[in-house]
Each structure stands twice: as structure tokens, then as C-alpha cells.
Amino acid sequence: MSKNSTFLWVSLIVWMAGSTWWHVCKIKQLCDAPLVASGSPSAEAIEAVPLSIVDGTSLSLTSSGNFGFAKSGASANLTAVKTELDSLAAYLRANPKKKLIITGYYHSTEVNDSKWPDLGIARAEGIKQYYVDLGLPAAGIQTKSEIQDAIRFSPDSLSGGIGFAFETPAATKEDALAEAQKYQGLFKPLDLYFNTGSTDYIQTADNRKFVEEAIKYLAANKDKKLLLTGHTDNTGNQAGNLELSKKRAGEVKKQLVSAGLPENQLMTSAKGQTAPKEANTTPEGRAANRRVEIVVQ
């Protein structure tokens, strides 16, 4: 073989190798280590990262699978982790004082086409919405984001991308009032309370029991109604308080519909400041009056 022929063959081989490298590494981005982002910010990117959700000694959920996100995508594939997510929902219902913190991770090179400031928040908000759709209060779920440039894609998908943490806020006087309400039957009024600035009522074991029994009772008695009556303290003017009590009753109605109660069997009423439960002369008395009364008619 002549020197010219040898040179041409070598050049062709080099060109083919270079073209293959460019296509695989630069276009397909397959040259990095495969997979993934884990559920915690400190873990290494490895080939298969299982989902792990832990809250001290109270909760430990693991799955061999994890969330699936397309590269630069905000929507998760929940197929591999739905059982664990639903178990977490049950845990939060049983521990209504817990605040869930969802962190969405993203790579700095990903393109954000969502309505959110970054893909991390977009991913976290998508998981939050899953829980809100299951009836959990939005106020009990916080979302945040974090860049994780250790994330690897294989080839155009991310397994992981979500982290979970828990926080138990300090008890408020409204929490104490809510806990003091004990279920005595569907025809005994029970008061629902709200923390300052929240439109989600404070959930307790007793008011969850009321809702569970109401769902069964109303399903068997289509002619019966559940009455929600909003109340306020006397801060502000009477007209404004009447409107506020109407809004509180309406918010509770929305949450009860999400929990499974039929909307056509829920009635709302508003009394503003006109039916105080305690004297409005102390902070504790005013807190006791900011409530929605719930009872089967």
C-alpha cells in the first residue's frame, strides 16, 4: 500500500472517530457518568439512586425506583414511587402539625420553560400539587430549589431530582384550641380553627374523624346537609367581619369537597362577630372566636 493510501485511510479513521465523539458526547451528551440526582443534596451521582424519605425514627420510606424527569422538564413520572408518595400522604394526615419541605434539584445547564423562576421550584411545585390534589393543606407544604451540578442524565432523563424534609412548627394558641375540640358525634357542633394568615383549617385526629364519619353518613342520607358557619372576633368593622366569616366558611367547604364530601350536601353560613364563643376582651378569647363551626343538619 502506498504512503498516500495509508495517509488517506488514517485520515478517514480519525475523521470517523472524531465525528462519532462529537455526536455521542456533544449532541447526545452521553459521555458523562450515567444518572442521577439523589433525594439528598450531599449524595454522589450514581447509576441507580433509590428514593428515601425519612423523618427521624417516625418514618422511613424507600423505593428502588425514583422520580423520573425529562432533561429540562418540570413534570415527573411518578410510576416508580407512587406507593411511597401515598404512604407519605397518610403520614402527613396522621401528623397534621408536620410541615413538609420539598426541594427540587436542577442542573445549571437545563433550560427552564416553566412558569416558575427555575426548574427546581417547578419540579417541587408539581409534587406539592400532587399532595394538594389528595386533600392535604397547601399551607403545610413548603417548596424550594437547589442547583445540583452533580446531576447526570442518561441520556435525556433524570432519575431523582426531589428531596424531602420535615419541620414541626411550634404550637400556637390556635393549635391548642383545635386540639381541644373532641368528636362527640355528627350532630354535636365541632369548631375548626385557623392559624394567623392561613385559610387552611388546623387538622386534628378528632376533626378528621368527624369528616370521615360525615362522608359515610351523607353518602347514606342524600337528604341531609353539613352546615359550615363562619365566625370572627370583633377586630375591625362588622361588615368586614361578616365578609371574612363567609370567606372562612367557603374555604372550609372547598377543603371538605377535596376530602370527598359532596358539594351539594354542604351549606355555608356566616355570622361575623355576632356569635362569640368567648369574650373578645383577651387575645385568647378573640382566638377562640375565629372559627368555623361544623355540624350535620
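Predicted model: local features only at pLDDT ≥ 70, side-chain atom pairs only at ≥ 80, totals over all residues.
Residues are numbered from 1 along each chain as its sequence is written, and side-chain values use heavy atoms, with hydrogens and water left out. Local features need pLDDT of at least 70, side-chain atom pairs count only at pLDDT 80 or more, and totals for chains, interfaces and linings use all residues.

**Cores**

The largest nonpolar core has 28 residues. Such a core is a set of buried Ala, Val, Leu, Ile, Met, Phe, Trp, Tyr and Cys residues joined through side-chain atoms within 4.5 Å. Buried means under 20% relative accessible area, exposed over 50%, partly exposed in between (1.4 Å probe, protein chains only). Phe67, Leu88, Leu100, Tyr131 and Phe164 have the most contacts inside this core. Among the elements that give two or more residues to it are helix H2 (82-94), strand E5 (99-106), helix H3 (119-133) and strand E8 (162-167). H2 gives the most, with 5 residues. Helices (H or I, at least four residues) and strands (E, at least two) are DSSP runs, numbered from the N terminus. Apart from this core lies another, of 18 residues, including Leu190 and Val252.

**Sheet**

Three strands form an open sheet in the order E6-E5-E8, with mixed pairing. Two strands pair if DSSP finds at least two bridges between them. Strand E6 (141-147) and E8 stand at the edges with a single partner strand each, so one side of each has no neighbour in the sheet. E5 and E6 pair in the parallel sense over 7 bridges. Leucine 100 has isoleucine 141 in E6 as its bridge partner. H2 packs on the sheet, touching E5 and E8. H3 also packs on the sheet, touching E5, E6 and E8. Contact means heavy atoms within 4.5 Å.

**Rings**

Rings of Phe, Tyr and Trp (its six-membered ring) pair if their centres lie within 6.5 Å; planes under 30 degrees apart count as stacked, over 60 as edge-to-face and the rest as tilted. The count comes to 6 aromatic pairs. Two of them are shown here.

| Pair | Centre distance | Plane angle and class |
|---|---|---|
| Phenylalanine 67, phenylalanine 69 | 6.5 Å | 25°, stacked |
| Tyrosine 91, phenylalanine 166 | 5.9 Å | 85°, edge-to-face |

Phenylalanine 67 and phenylalanine 69 are both buried. Tyrosine 91 in helix H2 and phenylalanine 166 in strand E8 are 75 residues apart, so their pair links distant parts of the chain. Tyrosine 91 is buried, at 10% relative accessible area. Phenylalanine 166 is buried too, at 17%. Ring pairs link Phe67, Phe69 and Phe164 into a cluster.

Technical notes:
Axes fitted to C-alpha atoms, helices over the stretch in contact; angles between N-to-C directions.
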